[in-house]
Each structure stands twice: as structure tokens, then as C-alpha cells.
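Biologist: I'd like to learn how to read a structure like this one. Can we walk through it together, one feature at a time?

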Amino acid sequence: MPLRSDEWYEGETRNAYIHRGWMRRGAPDSAFEGRPQIAIANTASDLTPCNVHLHEVAKSVRDGVYEAGGIPLELPVVSLGETQVRPTAMLWRNMAAMATEEMLRANPIDGVVLLGGCDKTIPSLLMAASSVDLPAVVIPGGPMLTGTFRGRPMGCGTEVWRLSEEVRAGTITNKDFTDSEKSTVRSKGHCNTMGTASTMGLLAEALGMVLPGTAGIPAPDSRLLQQSHAAGRLAVEMVRSDLRPSHILTRAAFHNAIVALAAIGGSTNAVVHLLAIAGRVGVDLTLEDFDRIGSRVPLLVDLQPAGRFLMDDLYRAGGLAAVLNEVRDLLDPAALAVSGRPLVEHLDGAEIWDREVIRTREEPLIAEAGVAVLKGNLAPAGAVIKPAAASAHLLQHRGRAVVFDSIEDFHARVDDPDLDVDADSVMVLRGCGPKGYPGMPEVSNMPLPAKLLAQGVRDVVRVCDGRMSGTAYGTVVLHVAPESAAGGPLSLVQNGDWIELDVAGRRLTLDVPEGELAARTASAATVDAYAAPTRGWERLYIDHVMQADTGADLDFLVGASGSRVARESH
């Protein structure tokens, strides 16, 4: 079959001469004669520590591409280091997706292998590949190995949140806290808890975009390189069979991803990422689908932050295939994998080898644990909560609001001994949505006031229009939409207002008469704290970003443009 890259390399024209001549550099003549050109979209970066090892992974991919008769071409793409960039990596997820999409379309390539790991890298790569729709396969970089501190396992991220609160409570010293830092990151790889990186790697496989059996392999495990070699071979085969993301990322695939999200106890961040990816392929996925499909699915994986173990435990216990095999009857059998076969066929024979780490359907960690979608006058377009990471006694709660107008206001007042807060209060933080911050940062799991920590309190209800790290925990209502900066009711909440959370009833209610609420205006402090950039990406982002309930993509990036480029460059 004709290759897309033939449009660049085939023939005796001046343009073909230019395209071939500048790419030769030792390549054989056969490199331009009907061999699939496979891009290796690599998010490796020294400033994305979770992805540093992807250069090694790329070498195995290259070998596999060559072995299958293709030509591998490494393509560095925008890399977002979750732990490093300010104000939040989410601000640039859409930019990374847009830049990658344009480079895939602009270059003479026939297929692509997508190398990601850190939180926003896999979502941005999937968004890009979906919009250009060339044959594509994802290789998740894998989690780090478990570190230990004073004889106990260290879950990176989750332990940070826990220990930092204990320092503030005075139960451990600053030296203990600093000493533990050296034990957090034991090896190469991304977070070893069921944070966003682990979640999106596993969900990419549940979507069908990863060579089955790859997601969740620890980064230092040699089997990751073996699978990467196989993925390189597969990319060439996908080009020859013309298997594209649009054939794989169907409604059935997103159904399966939502089931998997619940069964693994995955990050709430997956909600905005899956919504954004669905928007690129034209699947009409809604916030309500997450509740309808996933909220009654049992939690089977006993991993931090919802449980005890870590990602290398999950892999040795049977991995994603063992989990999905337990909920196989809930999966849509029509969904394909990059292998060209139905995803469910790859679950045959998958067994659980450690029933403490992966529970059976009959003995789940939690019977109904998927993401719950809340509606009400405080979140007309919806909000989400992860019951598995929350305190059971707070899932139905009524308390008085303690309001913070911005993240700066929160940091300035949270430890004030005169702050009017108690264990029954509902902490409200606004101005943290896509437009307001900008970028919808992971600040919703607000540290508790020092006075409550001193009383032994370790959780209260928190409500925010931002996000929460997938490694975090607590009774936190997230992604409130519309956000306060978009005119949402969150901007009108006042100190002392009664707020009711009813997770079972799927309600988030501000108990203020409708007439009184209509007469209120947002406080000047709230409005003054909203982001107001005058130029650059932030200006473009704020003007065009959509709300969390639709995935927080940019309005002009929804959908696909395909791979066709009609005009020549010379």
C-alpha cells in the first residue's frame, strides 16, 4: 500500500531530492523506498525526572522498528514535569498536545510510538495522536520501585502529604521529614502510588492504545525494554494494516477505561484527561458517564492512596490484566487493542498471584468505589469526588463554610489561631479553575489548619474548583464547574454559609435562598486574584479553555484535522 511518507520521498522532483538528501546522512537507499517511517515521540527531559529514562526506552523501540522493516525517527516533543513547572503542568497540557499534533502532521511519518510517563505527558500524546489519526501505540515509562524509610514502604506523593501534615501537627520533626526525602525516589520511573501517572499509563492500556501487558511494568524492569522492542515492531505492522486511533478509541474503549479507573482506584485527574481525549476523536463522553458506568464498580486494587501497597506490588500480583479479568463482564467486548484484536481476548488466563494486593470480585476492597459525580446549586455543571480516598464518616456531611478567596489567601490564613474553623467546617477554596489560576492546579487537597491538626483531626470536607494530586487523599470535592472565574456559584459562597455534601445522593448544595444568592456578587478579593495575563500562551489559554466538565481542552482544539498536508515547503 502507498505510504504517507511517499508524498515526501517518492519521485525525481526537486522537492523529493531535498527531502531525501537532507535525511540521508548515512541512511541506505532503501530507507526511502516503501519502508514505514515511524516517529518516536519522546517526552524525555532532565526537567521531567519521571521521564529521564525514556531515551533508553527509545533505543529498544528503534531496534524493534528496524527489525520490522521500518525507519525509526526520534522526535523530541514538549515534556511537562509535574513536580517542577509553575504554576501547574496542566496549564500546558493542551499546548503540548497541540505542538505534538502539528509536528506529527508536518513531518514525513507514517506512524508513531508515543513515550510518556509523567502525569500530563500520556494525556497530551494521546490527544495529539487522536487529532492527527496516524497509526500510534503508547509506551508508558513505568513506575519507580518502592523506597523505604526506617523499615516501612514510602509511597512517593502520598507519604509527602501525610508526613508534611505530621510535621505541622508536631508529631514528627523537620529532620525526620527531610531525612525521608532521600528515600522517596528509589529508582527511575514515575510515581509508584496510584497517582495520575500510574493511572493514565494503565488507562492507556485499558483504552487499547498500549501493547497489552506493558502498562505498570516498573521502569527499571528489563521487561519494559522487551515490550518497547515489541511495540516498535507493532508500530510498523499497524501502518501496514492501517490501524489508527480512530479505530481503537471508540465509545467502547472509553467505557472500558471508566471501568478500569474504578477497579484500580485511579486518580480523579483521569476524568478531565479522558474527557479531553474523547473530544479529540468525536466520542460524546460526558461527566455523567463516569458515574453511570463506573460508580458501582468495586475497588480491587489495594494501593496507596486508597490502600496499602505500591505499583511494583501490583505488577507482581498480576497487573492490569488480572484486575480487568475480575471485572470482565463489565467490559465492552467490542473494543479493540493496538494488536488488532479485542482487548478482552488479551485477558484470557490472567491470574491474581497475590490476593492481598489485587482482591477478587467476591472480596473487594470497597464494593462501590468509582468516581462519584455531584450536582447541585454549588456545582450546576458537576463536581467529582473519589469515595475510596475519602473518610467514610464525611461522605454525608453538613457544615459551615470557611472560605479562601485564592491560594495566597489560604496560605496566609490557614494556620491563624483565630481562624473560625472546626472539625465540622467545610473548607472552600476558589479561583483555582482553568481560567482562574490559570490551569486548574493540584491544590484542592488543602492542608488542614494547624489548630485542627493539634486536636487530632486529619480530614475535613474540602471544596474547590481545582484538582487534587492522584497521590493525595481526603474528603475533597474537586473540579467544581463552572469555576468561580467563569461565574460559577462558588464565587458567591460566604463564611458561615451551610454546605451539604451527600455523596450517596450525588448532591453538593449551598443552603442559601435562591433570591439571596442571586443578589450576591463575588468579593473584590476573589476577582482581584484571578489570573489576568496580557500575552503569550496564558492569554490564549484563558480566552479559549473550556470547563472541567468537558475536559478543559481549548475550544478550537476539540476534534481532529487528520494527517493531510496539501502544500509543499519549497
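Biologist: Let's start with charges: which kind of link do the side chains of Asp329 and Arg361 meet in?

Modeller: They meet in a salt bridge, 2.7 Å from N to O. The term stands for a side-chain nitrogen of Lys or Arg within 4 Å of a carboxyl oxygen of Asp or Glu. Asp329 and Arg361 each lie in the loop between α15 (319-326) and β7 (372-376), so the pair ties together parts that are 32 residues apart in sequence. Helices are DSSP runs of H or I with at least four residues, strands are runs of E with at least two, and both are numbered from the N terminus.

Modeller: Before we go on, keep in mind that this is a predicted model, where local features need pLDDT of at least 70 and side-chain atom pairs count only at pLDDT 80 or more, while totals for chains, interfaces and linings use all residues. Residues are numbered from 1 along each chain as its sequence is written, and side-chain values use heavy atoms, with hydrogens and water left out.

Biologist: Are Asp329 and Arg361 exposed or partly exposed?

Modeller: Here we look at relative accessible area: under 20% is buried, over 50% is exposed, and in between is partly exposed (1.4 Å probe, protein chains only). Asp329 comes out at 56%, so we call Asp329 exposed. Arg361 has 26%, so Arg361 is partly exposed.

Biologist: How many salt bridges does the count come to?

Modeller: The count comes to 42. Take Asp179, which forms a salt bridge with Lys175, their closest N and O atoms being 2.8 Å apart. Both sit in helix α7 (residues 174-184), four residues apart, about one turn of the helix. Asp179 also meets Lys182 in a salt bridge, at 3.8 Å from N to O. That pair lies in α7 too, three residues apart, again about one turn. Lys182 is exposed, because its relative accessible area is 63%, and Lys175 is exposed at 57%. Asp179 has 22%, so Asp179 is partly exposed.

Biologist: Now rings. How many aromatic pairs does a search of the whole structure find?

Modeller: Three. Rings of Phe, Tyr and Trp (its six-membered ring) pair if their centres lie within 6.5 Å; planes under 30 degrees apart are stacked, over 60 edge-to-face, and the rest tilted. Phe404 and Phe410 have ring centres 5.0 Å apart and planes at 80 degrees, so they are edge-to-face. Both Phe404 and Phe410 are buried.

Biologist: And where is Leu80 found?

Modeller: Leu80 is in the loop between β2 (71-76) and α4 (93-106). With a relative accessible area of 5%, Leu80 is buried. Contact means heavy atoms within 4.5 Å. Leaving aside neighbours within four places in sequence, the contacts of Leu80 include Thr48, Trp92, Cys118 and Lys120. For a sense of scale, Leu80 and Ser241 are 161 residues apart in sequence and 32 Å apart in space, C-alpha to C-alpha.

Biologist: Last one: what classes of residue are in the lining of the second largest pocket?

Modeller: There are 11 nonpolar, three polar and five charged residues. Nonpolar means Ala, Val, Leu, Ile, Met, Phe, Trp, Tyr, Cys and Pro; charged means Asp, Glu, Lys and Arg; the others, Gly among them, are polar.
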